[in-house]
Amino acid sequence: MPSSPSEELDGLVVTLDDLRYQYGGPNVPSETPHVFIYFITIENLSDRTVTLLGRKWIIHDEEGETLVVEGDKIVGEEPELVPGERFSYNSFHIGSCNATARGSFHGQDEFGNKIHCLIPPFELTIPE
(Lines give C-alpha, C1' and ligand atoms only; values in the text may rest on other atoms or scores of the structure.)
Protein backbone atom coordinates (compact mmCIF):
# COMPACT_ATOMS: atom_id res chain seq x y z
CA MET A 1 0.00 0.00 0.00
CA PRO A 2 1.56 3.37 -0.97
CA SER A 3 2.22 5.80 1.86
CA SER A 4 0.07 8.90 2.04
CA PRO A 5 1.60 12.17 0.84
CA SER A 6 2.89 14.75 3.28
CA GLU A 7 1.21 18.14 3.51
CA GLU A 8 3.27 21.31 3.93
CA LEU A 9 1.53 22.64 7.02
CA ASP A 10 0.70 26.32 6.71
CA GLY A 11 1.71 28.03 9.94
CA LEU A 12 4.59 25.73 10.85
CA VAL A 13 7.46 28.20 10.51
CA VAL A 14 11.23 27.62 10.63
CA THR A 15 13.55 30.51 11.47
CA LEU A 16 17.35 30.67 11.44
CA ASP A 17 17.98 32.59 14.68
CA ASP A 18 21.77 32.74 14.50
CA LEU A 19 24.65 31.34 12.47
CA ARG A 20 28.16 31.29 13.90
CA TYR A 21 31.46 30.38 12.29
CA GLN A 22 34.45 28.69 13.89
CA TYR A 23 37.70 27.57 12.30
CA GLY A 24 38.90 24.17 13.47
CA GLY A 25 38.76 22.69 16.93
CA PRO A 26 39.98 19.66 18.86
CA ASN A 27 37.68 17.15 17.07
CA VAL A 28 37.42 18.87 13.68
CA PRO A 29 39.11 17.02 10.77
CA SER A 30 41.78 19.06 8.97
CA GLU A 31 40.13 18.40 5.58
CA THR A 32 36.86 20.00 6.79
CA PRO A 33 38.05 22.77 9.13
CA HIS A 34 35.08 25.12 8.74
CA VAL A 35 32.43 24.77 11.46
CA PHE A 36 29.05 26.43 11.03
CA ILE A 37 26.91 26.43 14.19
CA TYR A 38 23.25 27.16 13.48
CA PHE A 39 20.42 28.04 15.85
CA ILE A 40 16.93 27.15 14.62
CA THR A 41 13.41 27.77 15.94
CA ILE A 42 10.34 25.89 14.71
CA GLU A 43 7.14 27.72 15.66
CA ASN A 44 3.66 26.25 15.40
CA LEU A 45 1.35 29.05 14.25
CA SER A 46 -1.14 26.54 12.83
CA ASP A 47 -4.40 25.44 14.44
CA ARG A 48 -3.17 21.84 15.00
CA THR A 49 -0.91 20.11 17.48
CA VAL A 50 2.06 18.59 15.66
CA THR A 51 4.78 16.10 16.54
CA LEU A 52 8.07 16.51 14.70
CA LEU A 53 9.62 13.13 13.97
CA GLY A 54 12.66 13.87 11.84
CA ARG A 55 14.58 16.06 9.44
CA LYS A 56 16.22 16.22 6.05
CA TRP A 57 19.08 18.59 5.31
CA ILE A 58 20.50 19.22 1.84
CA ILE A 59 23.92 20.89 1.78
CA HIS A 60 25.13 21.96 -1.66
CA ASP A 61 28.70 23.26 -1.73
CA GLU A 62 30.51 25.53 -4.18
CA GLU A 63 32.57 22.59 -5.47
CA GLY A 64 29.39 20.97 -6.80
CA GLU A 65 29.02 18.33 -4.08
CA THR A 66 25.63 17.68 -2.47
CA LEU A 67 25.27 16.10 0.96
CA VAL A 68 21.86 14.83 2.06
CA VAL A 69 21.40 14.11 5.77
CA GLU A 70 18.12 12.45 6.77
CA GLY A 71 17.15 10.97 10.06
CA ASP A 72 14.69 10.37 12.80
CA LYS A 73 14.28 12.91 15.60
CA ILE A 74 15.65 16.43 15.94
CA VAL A 75 18.72 16.55 18.20
CA GLY A 76 17.45 13.34 19.81
CA GLU A 77 13.93 14.63 20.42
CA GLU A 78 10.44 14.32 18.92
CA PRO A 79 8.99 17.67 20.00
CA GLU A 80 5.21 17.99 20.28
CA LEU A 81 4.07 21.54 19.60
CA VAL A 82 0.58 22.73 20.43
CA PRO A 83 -0.59 25.84 18.55
CA GLY A 84 1.54 28.79 19.65
CA GLU A 85 4.45 26.69 20.93
CA ARG A 86 7.99 26.73 19.61
CA PHE A 87 11.00 24.44 19.71
CA SER A 88 14.54 25.85 19.50
CA TYR A 89 17.82 23.99 19.15
CA ASN A 90 21.31 24.33 17.79
CA SER A 91 23.51 22.00 15.81
CA PHE A 92 26.40 22.31 13.37
CA HIS A 93 27.81 21.44 9.95
CA ILE A 94 31.49 21.04 9.12
CA GLY A 95 32.80 21.55 5.62
CA SER A 96 35.72 22.43 3.40
CA CYS A 97 34.18 25.35 1.45
CA ASN A 98 31.21 27.69 1.17
CA ALA A 99 27.83 25.99 0.86
CA THR A 100 24.06 26.50 0.95
CA ALA A 101 21.89 24.62 3.44
CA ARG A 102 18.17 23.91 3.13
CA GLY A 103 15.79 21.13 3.96
CA SER A 104 12.67 20.21 5.90
CA PHE A 105 11.28 18.88 9.15
CA HIS A 106 8.60 16.21 9.03
CA GLY A 107 6.12 14.68 11.40
CA GLN A 108 2.40 14.31 11.93
CA ASP A 109 -0.50 16.37 13.17
CA GLU A 110 -2.92 15.45 15.96
CA PHE A 111 -5.10 13.58 13.44
CA GLY A 112 -2.25 11.36 12.20
CA ASN A 113 -1.80 13.25 8.90
CA LYS A 114 1.78 13.43 7.62
CA ILE A 115 3.05 17.02 7.64
CA HIS A 116 6.27 18.85 6.87
CA CYS A 117 7.71 22.35 6.88
CA LEU A 118 10.54 23.74 4.81
CA ILE A 119 13.81 25.09 6.17
CA PRO A 120 14.51 28.29 4.24
CA PRO A 121 17.89 28.17 2.45
CA PHE A 122 20.79 29.89 4.15
CA GLU A 123 24.42 30.46 3.18
CA LEU A 124 27.35 28.83 4.97
CA THR A 125 29.98 31.40 4.07
CA ILE A 126 33.59 31.28 5.25
CA PRO A 127 34.63 34.75 6.47
CA GLU A 128 37.46 36.52 4.60
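**Strands, a hairpin and a pocket**

Ile40 stands opposite Tyr89 in β7. This is a predicted model, in which local features need pLDDT of at least 70 and side-chain atom pairs count only at pLDDT 80 or more, while totals for chains, interfaces and linings use all residues. Residues are numbered from 1 along each chain as its sequence is written, and side-chain values use heavy atoms, with hydrogens and water left out.

Strand β3 covers residues 34-44 and pairs with β7 in the antiparallel sense over 10 bridges. Strands here are DSSP runs (E, at least two residues), numbered from the N terminus, and two of them pair if DSSP finds at least two bridges between them. Strands of a sheet pair through backbone hydrogen bonds, either parallel or antiparallel.

β3 and β7 belong to an open sheet of three strands, with the order β2-β3-β7 and antiparallel pairing. β2 (12-23) and β7 stand at the edges with a single partner strand each, so one side of each has no neighbour in the sheet. From one strand to the next, the twist averages 20°; axes are lines fitted to C-alpha atoms, and angles run from 0 to 180 degrees between N-to-C directions.

Another antiparallel pair is β4 and β5, joined by seven bridges. Within this pair, Lys56 has Glu70 in β5 as its bridge partner. The two strands form a hairpin with four residues between them, and Gly64 in the turn has a positive phi of about 90°.

A pocket is found on a 1 Å grid over the protein atoms alone, as an open set of points where a 1.4 Å probe fits, with protein on both sides within 12 Å along at least five of seven lines; lining residues have an atom within 4 Å of a point. The volume of the largest pocket is about 240 Å³, taken as the space filled by probe spheres set on the points. Its lining has 15 residues, and Tyr38, Trp57, Val69, Ser91 and Phe92 lie nearest the centre. β7 gives the largest share, four residues. By class, the lining has 12 nonpolar, two polar and one charged residues.

The structure holds zero disulfides (pairs of cysteine sulfur atoms within 2.5 Å).

Definitions and conventions. Ala, Val, Leu, Ile, Met, Phe, Trp, Tyr, Cys and Pro count as nonpolar, Asp, Glu, Lys and Arg as charged, and the others, Gly among them, as polar.
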